[in-house]
Each structure stands twice: as C-alpha cells, then as structure tokens.
Amino acid sequence: MVDSENFAIADLFSLAGKTALVTGGSSGIGLNLAKGLLINGVRVVIASRKQEKCDEALQELAPLGEVSAFAADVTKPEDRAALLEFCGAKLGSLSILINNAGSNWAAQLQDYPDEGFDKVVSTNLNAVFSLTRDAIPLLELAATEEDPARIINIGSMDGLQVPIVQRVPTFAYSASKAALHHLTRTLAVDLGPKHITVNAVAPGFFASRMTDFVFDKYLSDIEDECPLHRIGRPEELVGIVTYLASRAGSYTNGTVIPVDGGTSVSKGKRDWME
Amino acid sequence: MSLFSLEGKVALITGSTKGIGKAIAEQMAKHGAKVVISSRNQDACDEVAAEIEANGGEALAVACNINYPEQLQALVDATLAKWGKIDALVCNAALNPFFGASQDIPDEAFDKIMRANIGSVHKLCQLVLPGMAKAGGGAVVIVSSIGGLKGTDKLGAYAISKAADMQIARNLAVEWGKDNIRVNCIAPGLIRTDFARALWENPEIYEATVSKYPMRRIGEPEEIAGAAVFLASAAGSFTTGQTIVIDGGGTIAG
Ligand SMILES: NC(=O)c1ccc[n+]([C@@H]2O[C@H](COP(=O)([O-])OP(=O)(O)OC[C@H]3O[C@@H](n4cnc5c(N)ncnc54)[C@H](OP(=O)(O)O)[C@@H]3O)[C@@H](O)[C@H]2O)c1
Ligand SMILES: NC(=O)c1ccc[n+]([C@@H]2O[C@H](COP(=O)([O-])OP(=O)(O)OC[C@H]3O[C@@H](n4cnc5c(N)ncnc54)[C@H](OP(=O)(O)O)[C@@H]3O)[C@@H](O)[C@H]2O)c1
C-alpha cells in the first residue's frame, strides 16, 4: 500500500538512483531523453545500431553522469539478448525502459515497397514487443508496489490521426505507431500486477534527423496546424518522461499521452464542417 | 530552474480544502507557487491556508461555492487584488447530488450538475483567461473523471459533466493556444478521498473493486497532484487539449 506520508518527504519528481535503457539513444529524441535522465541522477545505457553514433553520443553524455553505450540492432534477436545482458551487467536491474528506436519510410502508395513496410513495422512495433518481453526479469528486479518499474514507449501523433504532411505518405509508420499505442494498453493490463507500468508518449513535431527533411519544406504548415503554433522543445519530452518515471506518475498506467501542442485535438485547417 | 518549478506563479484551486484539490494545492505550494485555497467553508479554507504557510508556503483563503457565478467572480477578484495575476487555474471542485438511473433524476438535480460542474469551469475560464493571455500565458487544469469515458447506469448526469470537461479542454486549447495558454484535463480513477470513501473503507468492497484493476490498488491524492504540477509547469509546456487518465489502467482493463 502506498503511504501518503511517503510522498511528503520525497520529491514527487525525483529520479535519483534509478536505472534506464534508452533504445535509439544515440541521436534526436533518444539522445535528449538520455541527457535529461543523466542530469537527474539516473544511470543510463543507450543503444543504437551504429557503433560510431554510439561513441559520439557517449562523448556528449559522459560528462553528465554514469552512462554506457551498446551497439545493437533491436530488430535482431541476438543483438537484443546481448543488449539485455549488457544492461544486467552494467545496471544490475532496470527501473525504466524507454522504447524509442524507430524508423520511417516515405513513398507514394503505388511505389511503397513491402520491404519498406516490413522494416518500419519490425523496428517500431515487433522489436518493442520482443525487447520488452525479454526485459521483464530485469524490470521486475527494480519493481515494487510503491515504486513500480516503468516502460515508456515513444509513439507518435501520427498514430492518432492521419499525418498532417500528406504529400509524403508514411503508411507503415503511422500504422506501426497506432499499433504501438494499443500494445502499450495491453501490456499495461498484463504487467500491472507485476508492479510494472506501461505508458506511451505520442510526440508531435520535434527537431531530429527524422524530421529535418519535413521542416525544410513544410514548417509553416506544421505550425499553422498546431494551436501553440510551434514545434516542440527537447525539454518538453524530458518533462513528460520524468513525470511518467517518477513517483508523480506511479498510478498512471496504460495511457497514451500526446505531447503535440494540441495538434491532434484541433480540427485545424483541414476543415470539413463549415 | 527545475522543469517542474512553479516559483513566482499564482495558482487558484477550487475545492482545495480536502482530497485531490488539497493535494494539488500542497504540491503546487511545495514547487514554489502562491496558492489560493477555496471551498464552501471559510474556516476550512483558513485552516488549510495556515497549514501551507506553516510549511513555508504562501496561501490565500477565499470561500467560494462553484454553484454561484457571482462567487466565482469574487474568488477571481480576491486573487487578483492580492497577487495581481493567475498563472494556473485548477478547476477541481465538482458535485454529484444524484445516484441512480437517468430516467429518475429530477430536473433540478440535472440542472445543478450542469451549472455547477460544467458552468463553473466555463465561467472561471471566461473570467481568468483574458488576463492570463495578457500576462503572456499560463495553464488551466480541469479535474474531470474516468466517469466521463464510459457508459454508466448510476452516475449519468455526473458523467456527462465530466465528459464535457474534456471537450472544454479541447475547445479552449484551440481557442487560446496562440496566447500561450494550455488547457488540459486529468481524469482520475478511484482515489482515496472522502468523495469515494464508501468504496475503499470497507476491506471487502475494496478487495472486490481493486481485484479488477491492473495495479490492484486505488490511487492516492498525491498521484493526481503530480500531474497537475506537471501540466502547470515548463515540463508540460507542449501538452494541451489533452486528458491524462490516472487510474492504474482500470479503464482500459474493461
Ligand atoms: N522527431 C519527431 O518529430 C518525432 C515525432 C513523433 C515520434 N517520434 C519518434 O521518436 C523516436 C526517435 O526518433 P527521432 O526523431 O529522434 O529520430 P532519429 O534522430 O532518427 O533517431 C532514431 C534513433 O533510433 C536508432 N535506431 C534506428 N533503428 C534502430 C534499430 N533497428 N536498432 C537500434 N536503434 C535503432 C538510431 O540510431 P542508429 O541509426 O545508430 O541505429 C537513432 O539513435 C522514434 O520512435 C520516432 O518515431 C519522433
Ligand atoms: N475521489 C475520486 O475517486 C475521484 C475520482 C474521479 C474524479 N474525482 C474528482 O475529483 C474532484 C475532487 O474530488 P475529491 O475526491 O478530492 O473530493 P473531496 O475529498 O470530497 O473534496 C472536495 C472538495 O471540494 C469542495 N467542494 C465541494 N462542493 C463544493 C462546491 N459546491 N463549491 C466549492 N467547493 C466545493 C470540498 O469542500 P467543502 O465541502 O467544504 O465545500 C472539498 O474541498 C472532483 O471534481 C471529483 O469529481 C474524484
């Protein structure tokens, strides 16, 4: 049972002493999340496919706290097993798993290849399922009733509505993210009794390698569709992840939280009612 | 400054002498906000304000029944007279005077729920948001309920009012986004307060209830307060129009 007195003394948003794995932590959103976690006292492992990207990220992260990197392709079973073994050795247990690695493929419908569709779904959905399933023992080592272990899946606003930038269609991407949101809910119900919460964050537009090409052409359209009239700032994803991973978020389970400046709740410019 | 700091901000919280509202006021004060404590009972407001001040916070106690628009106006006026601005508006108080089938609810009870629960949120936003916009922005947090997400055979009118909260958040997020005002709901599941005492005080009823929840327990008021601080602070500054469900996964579990 959670004791109310507990909350009064501890900082509601403290992450100090926790451990985390951030997949895709070598660039963009994942790299920023790793920074946020380290600054707040979390011991972190990042993973991505390319050794040089891992090395570069590590240089940037090392001054902020206790961090290591492991080159692994989350779509490969042998890489996932080695990554989790590395996490066990480095961290002992996992209090936070952030499934952030993701990929995209954009092409017109007639030209959209099966291989592209498969690649996106296997990275954004299948690999999240497999890695999460195999990480349960490490998460259980950190999980208690007062302070559950946390799985945070990085979904997308595109999994909530048809993507805004329709001129470069991303069929597999938006479908994989919608599926990831629902996987989040089913895992949450399954893992709740083990004191592991599962939630998803659905970002709107944030600057990264993945979005550079879109911003070049469509930044003003994107801003027009957003009630706050801007793209997101890195610390705004650190904020939601800190909430979800701290005591403040310990009863939040199975949710999909859009962090999109209100874009997905706005009827926007694509107006059919008037 | 920390992402979750409310240093220098003024927060007005309705229904903040007990339960969820009190936890929100305490945590907001702990994170640096000056807080306005409010409920129908001035003595209770004074008591909670004194507690917060004793813990090093700053608080103003103003009684206000959300069922009366003129009292909402007086609440906002008193806050502005004291501190000159409102950075965070937390619409938390709500009432539920009827339990039973929609067929049987008296007109007066239905009207009262709509006026107090929906009307007070609408009116407070009308009173507060223009000033908030002029000051450069701010946040509204509406305490809705998971009752507004599913059909119910006993709490129909209350659930309508809680679903309306979610639509108010979407509308006002769109209307006020350009002024850097964010509007969100929190939808709690069963939380340990007087409001829901009947469901957690008796161990048998409690066990039967939580056996259906993935986390096998109900929530504590502080587990709602964290989301309110998040939404009012820089950490939540790209989150608007949303409803954050905090129920341990109870609703999606069916
Ligand atoms: N940026 C946005 O506006 C936005 C919006 C909504 C959602 N998202 C989501 O946020 C997440 C991060 O994206 P981002 O924008 O930060 O893109 P990014 O800069 O391209 O980062 C993607 C990261 O994932 C890694 N990665 C890709 N495939 C991998 C694999 N098979 N195994 C292991 N690591 C892999 C990449 O490193 P390697 O190349 O070394 O593998 C890189 O570190 C994604 O899930 C994306 O869908 C982004
Ligand atoms: N507890 C739950 O399980 C739960 C679940 C979902 C949603 N909620 C929502 O959470 C909010 C707070 O509920 P709670 O559980 O914290 O209830 P609570 O512990 O009973 O506290 C209610 C607070 O509101 C005040 N209040 C009651 N009627 C009022 C009125 N007409 N005008 C102004 N203030 C009034 C009360 O003080 P006075 O009586 O002195 O006025 C008290 O400060 C409500 O919106 C409720 O619908 C609660």
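Leaving aside residues up to four places away in sequence, Thr239(B) touches Pro258(A), Val259(A), Arg182(B), Asn184(B), Phe230(B) and Leu231(B); contact means heavy atoms within 4.5 Å. This is a predicted model, where local features need pLDDT of at least 70, side-chain atom pairs count only at pLDDT 80 or more, and totals for chains, interfaces and linings use all residues. Residues are numbered from 1 along each chain as its sequence is written, chains are lettered from A and ligands numbered from 1 in the order in which they are written, and side-chain values use heavy atoms, with hydrogens and water left out.

**Thr239(B) and helix α8(B)**

- Thr239(B) sits in the loop between α8 and β7 (243–246) of chain B. Helices (H or I, at least four residues) and strands (E, at least two) are DSSP runs, numbered from the N terminus.
- Thr239(B) counts as buried, because its relative accessibility is 0%. Buried means under 20% relative accessible area, exposed over 50%, and partly exposed in between (1.4 Å probe, protein chains only).
- Helix α8 of chain B covers residues 221–232. Of its 12 residues, 12 are buried. Among them are Phe230(B) and Leu231(B), both also touched by Thr239(B).
- The 12 residues of α8(B) should span 16 Å at 1.5 Å a residue. The expected span is 1.5 Å times one less than the number of residues. The end C-alpha atoms are 17 Å apart, which agrees.

**Ligand 2**

- Around ligand 2 there are 29 residues, of which Thr17(B), Arg40(B), Asn92(B), Tyr158(B) and Thr193(B) come nearest. A residue is near if one of its heavy atoms lies within 4 Å.
- The shell has 13 nonpolar, 12 polar and 4 charged residues. Helices α1 (19–30) and α5 (156–176) of chain B each supply at least two residues of it.
- An N or O atom in the side chain of Thr17(B) is 2.7 Å from an oxygen atom of ligand 2.
- For Asn92(B), a backbone N or O atom lies 2.6 Å from a ligand 2 oxygen atom.
- Lys162(B) has a polar side-chain atom 2.9 Å from an oxygen atom of ligand 2.
- On its own, ligand 2 has 890 Å² of accessible area, and the protein covers 91% of that. Areas come from the Shrake-Rupley method with a 1.4 Å probe.

**Gly24(A)**

- Gly24(A) lies in the loop between β1 (19–23) and α2 (28–39) of chain A.
- Gly24(A) is buried, at 16% relative accessible area.
- Gly24(A) and Ile98(A) are 74 residues apart in sequence, but 9.1 Å apart in space, C-alpha to C-alpha.
- Beyond four places away in sequence, Gly24(A) touches residues including Gly30(A), Ala47(A) and Asn100(A).

Note on methods: Polar contact = N/O pair within 3.5 Å; in protein donor to acceptor, adjacent residues only side chain to side chain. Nonpolar A, V, L, I, M, F, W, Y, C, P; charged D, E, K, R; others polar.
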